[in-house]
Amino acid sequence: MSQADSQTAVSSPGSSAGALDVLKHNFMQIWQVLAALALIYGFFFLMSEPFRSFDTLLSIFGQASILAILACGTTIVLISGGLDLSVGSIFAVVGVTVGIFMAEWGLPPVLAVGLGLGMGAALGALNGTIQVLTKVPAFIVTLGGLTAYKGLAEILASGRDLSRFPESFKFLGTGNTVPMLIMFAVALLTGLFLTKTRLGSRAFAIGGNEEVARLSGVPVAKSRIYYYMLGGLLAGLAAIVEVAKLNFAMPARGQSYELYAIAAVVIGGTSLFGGRGGVGKTLLGMFIMQTIIVGLSYMGVGTSYQRIAIGAIIIVAVYWDVWRRSTR
Amino acid sequence: MTPQGDSVQRPLVLEAQGISKHYGGIVALDDVDLTLHEGEVLAVVGDNGAGKSTLIKALTGAIPKTAGVVKFDGVETQIDTPTDAKAAGIETVYQDLALVNEISITKNVFLGREILRDDWLGRWFGVLDFKKMDGEIRDLFSKLDVRIADIYREAQAFSGGQRQAVALSKTVMFGKRVAILDEPTAALGVRESKMAMDLVRSLKDHGLSVIMITHNMQHVLNYCDRVMVLRLGKLVAVCDVKDVDGDALVGLITGATDAGATA
């Protein structure tokens, strides 16, 4: 059955199709990725003694969680046929801004978090709006955003000591558990958004064939702006969790996060060309990536080699996507 | 056979006057008039590049027209976007642009007109009412005798004939007055073509008037009431199908015959 990556079953717990059928269809879509994850986990399990502990497993989830929150946004944007290279820099801006709100202005954490999320959403929406108005390709607009937002974060942070935040705020980054719970909550909401709502389900149509969507009366431009806005919002949320975890904010954070997020989304099986995918796949992709990173570290392989390994896997994942498209 | 002859007496549904479309200096469509009567099937024929697709795209707001007026039930109607056309009751099946391959049949049928749940989830979060949409699709498909086993599968999984049947069903579900079809049998085999054309004929029974682009003269003669011929962006003839035969039409299309346009 080659319909392995359609999103249809997830989205249609229909009256006639039984719950078991839906479950089976969903499993058929992701079993290859699940098998890959199991193989990779098994490999490191055999190769490294300390890797076998439950704490290691927990730390894989914990370390994956911040990037995974951001990658949920990337999933939406990629499904809609878009691309946002600037989310790593949005991450930096929001981290620094939230830091300033609390460390310098003394705003209560709830307000700082709310404003930070608004900031992320606004920067994402700005990317989308510029694209829609100018018709400059997403790659270029968000490449510009990547640089410009990074500059903005540096300007905002310069000469400031952004650390020592209130306890109630730091709670968001407690251990592996709280970030992990936030990650699962975000993934669940993103999944519901993509499969159950009008705006979310239209992302698949726009990513699949923008012209058909337009001719069908879908407000393509407006929808796209929303997708970028959500991408920015989730980048902001990821930044907030990280700042809470580290207890400091600096503009260098978030660097290359957009690339790792895209990598996780693609490894999970969401198409880089739009129209297909899902947030559960993104989580699996993120776990695969994190398992490799943690596993290689336990085997004493350095960060530089880890990067090479991740790079190779990205190419394999995209090749797989291209191959699947050409064989159906 | 198709009922013929009485269509001219029926009231006009759609009337387009002086439709033109220029791309820079190139004239794709030059001052074309079109009339569509209640319950008729109007064929639009012409060679490649004659302006058939341009005409329907301009009519339905898919591309902006350079000049021209569209009247609906005798009232001038502004149709600048596909949404305007849908609001006026015109449903269009574009060639190669009917369905999104990647999404399910359900989602394709309701794309752009999804039904939301009638509660706070629907109102505040735009949550879809799958149950209602699935039910309406099943009713529609059984009414039109369209056989699609699994409406949750992505459109790509279906044959050309099935996909066309889905696209045509969409016009019945949403088209209140007019269905415009761009080569509904272009990519279909013989059996599938017949299926699709029978479906086109049944659109009439559902209260739709049909404009259909086609290259198939047999389809014009067997299924249509009137035919308009375009050549190089100009209207060269409009006639009742019962007054022409295949050879005469081909002559008009290629320019071998030069009949004065008859309305």
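Two strands pair if DSSP finds at least two bridges between them. Helices (H or I, at least four residues) and strands (E, at least two) are DSSP runs, numbered from the N terminus. With that in hand, here is a tour of a predicted model, in which local features need pLDDT of at least 70, side-chain atom pairs count only at pLDDT 80 or more, and totals for chains, interfaces and linings use all residues. Residues are numbered from 1 along each chain as its sequence is written, chains are lettered from A and ligands numbered from 1 in the order in which they are written, and side-chain values use heavy atoms, with hydrogens and water left out.

**A strand inside chain B**

- In S8(B), Val210(B) is the bridge partner of Val41(B).
- Val41(B) is part of strand S3 (residues 41–46) of chain B, which runs parallel to S8(B) and is joined to it by four bridges.
- Strand S7 (residues 178–182) of chain B also runs parallel to S8(B), with five bridges between them, and here Leu181(B) stands opposite Met212(B).
- Strand S8 (residues 209–213) of chain B is largely enclosed by the rest of the structure, because five of its five residues are buried (under 20% relative accessible area, where exposed is over 50% and partly exposed lies in between, with a 1.4 Å probe and protein chains only).
- Ser209(B), Ile211(B) and Ile213(B) are buried on one side of S8(B), and Val210(B) and Met212(B) are buried on the other.

**An open sheet in chain B**

- Strands of a sheet pair through backbone hydrogen bonds, either parallel or antiparallel.
- Chain B has an open sheet of four strands in the order S2-S1-S4-S5, with antiparallel pairing.
- Strand S2 (26–37) and strand S5 (75–76) of chain B are the edge strands, each pairing on one side only.
- Five bridges link strand S1 (residues 12–23) of chain B with strand S4 (residues 67–72) of chain B, and Ala16(B) has Val70(B) as its bridge partner in S4(B).
- Helix H1 (residues 52–59) of chain B packs on the sheet and touches S1, S2 and S4 of chain B (contact means heavy atoms within 4.5 Å).
- The direction of H1(B) makes about 65 degrees with that of S2(B) (axes are lines fitted to C-alpha atoms, for helices over the stretch in contact, and angles run from 0 to 180 degrees between N-to-C directions).

**Pockets**

- On a 1 Å grid over the protein atoms alone, a cavity is a set of points where a 1.4 Å probe fits but cannot get out, and a pocket is an open set with protein on both sides within 12 Å along at least five of seven lines; lining residues have an atom within 4 Å of a point.
- The largest pocket holds about 640 Å³ of space (grid points are joined across faces, edges and corners, and a volume is the space filled by probe spheres set on the points).
- Its lining has 27 residues, and Leu189(A), Phe193(A), Thr197(A), Leu230(A) and Phe125(B) are the closest to the centre.
- H8(A) gives the most to this lining, with eight residues.
- The lining of the largest pocket comprises 18 nonpolar, five polar and four charged residues (Ala, Val, Leu, Ile, Met, Phe, Trp, Tyr, Cys and Pro count as nonpolar, Asp, Glu, Lys and Arg as charged, and the others, Gly among them, as polar).
- The second largest pocket, of about 540 Å³, has 21 lining residues, and Gln63(A), Leu67(A), Arg253(A), Tyr257(A) and Gln290(A) lie nearest its centre.

**Cavities**

- There are four cavities of 30 Å³ or more.
- The largest cavity has a volume of about 120 Å³, and among its 13 lining residues Glu91(B), Thr92(B), Val93(B), Ala98(B) and Lys170(B) lie nearest the centre.
- Strand S6 (90–93) and helix H6 (160–174) of chain B each give two or more residues to that lining.
- The second largest cavity, of about 80 Å³, is lined by residues of both chains, including Ser201(A), Arg202(A), Phe110(B) and Met133(B).

**A buried serine in chain A**

- Ser65(A) sits in helix H3 of chain A and counts as buried, at 0% relative accessibility.
- Ser65(A) touches Pro179(A), Met180(A) and Met183(A), leaving aside residues up to four places away in sequence.
- Ser65(A) and Pro179(A) are 114 residues apart along the chain, yet 5.9 Å separates their C-alpha atoms.
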